[in-house]
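Hello,

Here is the structure I promised to hand over. My notes on it follow below.

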Amino acid sequence: MVGIVIVSHSAQLAAGVVELAKQMAQQPVPIAIAAGIDDPENPFGTDVLQVQAAIESVYSDAGVVVLMDLGSSVLSAEMAWEFLAEDQKSNVKLCEAPLVEGAIAAVVQAATGANLEKVVAEARSALSSKASQLSVTETEPNIKLPDQEITVVHQEATPQLIRLTLHNPLGIHTRPAAQFVATAARFQAQITVQNLTKNSTVVSAKSINQLITLGVQQGHEIVIAALGDDAESALKTLQQLVTDQFGEIAGNNRQVVEEETSPPLPQAAIEGAKLVGVPASSGVALGRVIPHQLALPEILDRPVDNPPAEWQQLQLAIETAKRQIQAVVSSLPGQNTDEASIFQAHLLYLEDPALLDPAYQRIFEQHQCAAAAWKIVIEEAIAIYQALEEPYLQARAADVRDVGQRVLQLLSGASEIPLDFSQPGILVALEVTPSEVAQLNPNQVLGICTVAGTATAHSSLIAKMLGIPMVVGVGKDLLTLVAGTELALDGETGQIWVEPQETQKRRIIARQVQPRNTKATEAITQDGKKIPVMANIIGVAGAEFALESGAQGVGLLRTEFLYLDRLESPTEEEQLAIYQAIAQVLGTLPLTIRTLDVGGDKPIAYLNLAPETNPFLGWRGIRQSLDSLEVLKNQLRAIVRASYGHNIKVMFPLVSSVREVRAAKRILREVQRELHQAGINFARAIEIGIMIEVPAAVTMADQLATEVDFFSIGTNDLSQYVMAADRTNPKVANLADAWEPAILRMIQQTVTAAHQAGIRVSVCGDLASQPAAIPILLGLGVDELSINPPAITRAVVAISQWRMEETEAIAREVLQLDSADAVREYVAQWH
Ligand code: PEP
Ligand code: MG
């Protein structure tokens, strides 16, 4: 007898369906369930191995019919089918029939002893009786369903159809296509669209790629076909969308239509023009456009023997890419802007069966690895767009390339941007990720400007650290600039001049500071006190740049960037290689490595950082590390191993209690003991420090000082916690000002406690990178500064201008002032 398998997200639903079906059958039928997952918190889901086991439990030569609910059930069923022995596959049919009706029909039919084909046919036709009872009309037959829909057995029922004429001015371009796809996706029915005017092929309404390539324009007639339970309401809803002209004629949206109707500025029109964005990293630049993403990265196309694992890897990369894009969208000032619609379309590309299905086939049928399969699919999609007649559609190739590239980078682990560096220039991009910026060489990339982005995004902070001027949120006109166009960029005001005139160029050149690699000398005050000036860095390029700029070591290596834009934590060996490479650059100069400082505000999917209501008061810094022991131990092992022959120090972020420090030290000792037992060499005297960036750490500084070798004050976080002002919220960010006397008093308190206990204090927050603040910090007794490499030369000059007694007088005075402005004014008088 044919066996039946029910695959569902819900164990209860599956049990109910089976119970109902059994009641109808005359004979017992072998039925198995694969439903729900073993997670009491979130029991809904499907598991491929469970499906495979269920199939095998009812398998016989008579065959098995597998019925499933929706979404991942379909994928799990397909994967389980792939896992079956070759001789079993032809006897197992995945059936697209609706779950309840299909299961009952299949069980009843199987109970009669019918063969596999008959049971499948009966299940498939299960909807027709319901349809006829509800008088659902079927008008025109024979509309072909697209090949791209994931169906294993072919549909024989007939779809419902509607014909419509498009009246909206731009036809189905990206924005309406995105709306159309999002609407169609709400329905289970298989929905297709054909452009009758162009006699096009029939495409899936759930594929933005296919829909756009229909080239539907104003006045064109289309036919929409739907097949499935909710076909009728799907058609009605889509009809409404088309009749409403995709909301384009509604009052509020009129302006949007007008904006879209006006084509992007041609190159000639923007020459000499000024674009304005949000200043994200200060400094000015003059150079030629280097467009981001000239080519997709090279991928080694190796055959793989575990296609399901590759498919899972691709899905993970796609999910991560989606999260990255969603983060960009939510950082945009408006959700209905052109920029937002670009990114929203990118999200749809990542759900598009026209890309996913061929990738699936390549992985499972041709045993290609995920990256190679995805790359070919993207290249093919780009070629299709480029071959289209309409320039508007040709331009969509760039979108596919962009979104494809994002996934490929995640898959290949490479953050390298393939750029043409034949001469230094200004990078122009839709958006750049933090790890992309981290690997840019400031001597090659003179400036960055992006369509989207915010000044507080990680990528902007990294640009600041590298001293690369950056303007973000410029808008999509930026993308019309071709390679080689000359730009002048002002990272202070956010202005960009296209093909600037001579006078403008001269103004920019006059503001360019000394060449980047002017080396500073030792920092000594007028009365001979040496102040070590260290660098804040994020990687090997930063370490080289820091030394070129005159740093005497690294006071803060932010290790977060190693963990960003990836699918899993970097391994111990990967981290070791990077720490060793940095230590190699520094020789025996100090290298302070801060352990991972991520939190709820940074999207690192694999660390299970769930969104939090108050991310800055949440699970971040040392708190998160102490709860993720494997990740922390992995990192500490790499740091300790890299210490051999070098002067490496460990620093823990966001400490708010003595017990956290003790716990972290215990783990460090444990790691050292294990490495010692394994006979691995490391430096015996690794100094341990903590960041002082929480008010509790300041008030407990006397006790904390007895636990560690040094403090490093993080004024960026200390300001936001002391002032209770989120540093990323523009409405209150000006309150989080490290010049506030409240913060300066905290610094004084920290220094006093540290010096009483005989330990050193450094400042590594942004305050130390501001030359005007240096006399205050020296006067408060700070022993060392750790600053962004581009600010080192100016810091050294600033230090050499003061006598210690002058700085102490200044510090005494500013501690009595009542505002950050008053402090700034007071210090300014001294110059
Ligand atoms: C700080 O908070 O001042 C600091 C240096 O750490 P981060 O900016 O990385 O949070
Ligand atoms: Mg901090």
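Arg594 has a polar side-chain atom 2.8 Å from an oxygen atom of ligand 1. That is a polar contact (a pair of N or O atoms within 3.5 Å; within protein, one must be able to donate a hydrogen and the other to accept it, and residues adjacent in sequence count only if both atoms are side-chain atoms). Arg558 also reaches ligand 1: a side-chain N or O atom lies 2.7 Å from an oxygen atom of the ligand. Asn716 uses its backbone instead, with an N or O atom 2.8 Å from a ligand oxygen. On its own, ligand 1 has 290 Å² of accessible area, and the protein covers 95% of it. Such areas come from the Shrake-Rupley method with a 1.4 Å probe; for residues, only the protein chains shown count as cover.

A word on the basis. This is a predicted model, where local features need pLDDT of at least 70 and side-chain atom pairs count only at pLDDT 80 or more, while totals for chains, interfaces and linings use all residues. Residues are numbered from 1 along each chain as its sequence is written, chains are lettered from A and ligands numbered from 1 in the order in which they are written, and side-chain values use heavy atoms, leaving out hydrogens and water.

Back to ligand 1. It is surrounded by 13 residues, and the closest are Arg558, Arg594, Gly714, Asn716 and Arg727. A residue counts here if one of its heavy atoms lies within 4 Å of the ligand. Helix α30 gives the largest share of this shell, three residues. β18 (554-558) and α30 each supply at least two. Helices (H or I, at least four residues) and strands (E, at least two) are DSSP runs, numbered from the N terminus.

Ligand 2 is a magnesium ion. Glu693 (OE) and Asp717 (OD) coordinate it at 2.0 to 2.3 Å. The two are 24 residues apart: Glu693 sits in the loop between β21 (687-692) and α28 (695-699), Asp717 in helix α30 (residues 715-723). Donors are N, O and S atoms within 2.8 Å of the metal (3.2 Å for Na, K and Ca); water is not among the atoms, so sites may look incomplete. Both Glu693 and Asp717 are buried. Buried means under 20% relative accessible area, exposed over 50%, partly exposed in between (1.4 Å probe, protein chains only).

Next, salt bridges. The whole structure holds 32 of them. Each is a side-chain nitrogen of Lys or Arg within 4 Å of a carboxyl oxygen of Asp or Glu. Asp597 and Arg594 are both buried. Arg760 and Glu687 meet at 2.8 Å, N to O. They lie 73 residues apart, Arg760 in strand β23 (residues 760-763) and Glu687 in strand β21. Arg760 is partly exposed at 31%, and Glu687 is partly exposed at 26%. Shared partners also join Glu572, Glu573, Glu630, Lys633, Arg637, Arg641, Glu670 and Glu674 into one network.

Last, the surface. Leu20, Met24, Val100 and Val108 form a nonpolar patch with about 280 Å² of accessible area together. Patches are made of residues with over 30% relative accessible area and no salt bridge: like charges are joined within 9 Å, nonpolar side chains (Val, Leu, Ile, Met, Phe, Trp, Tyr) within 5 Å. α1 (11-24) and α5 (99-111) each supply at least two of its residues. Leu20 belongs to helix α1.

Best wishes
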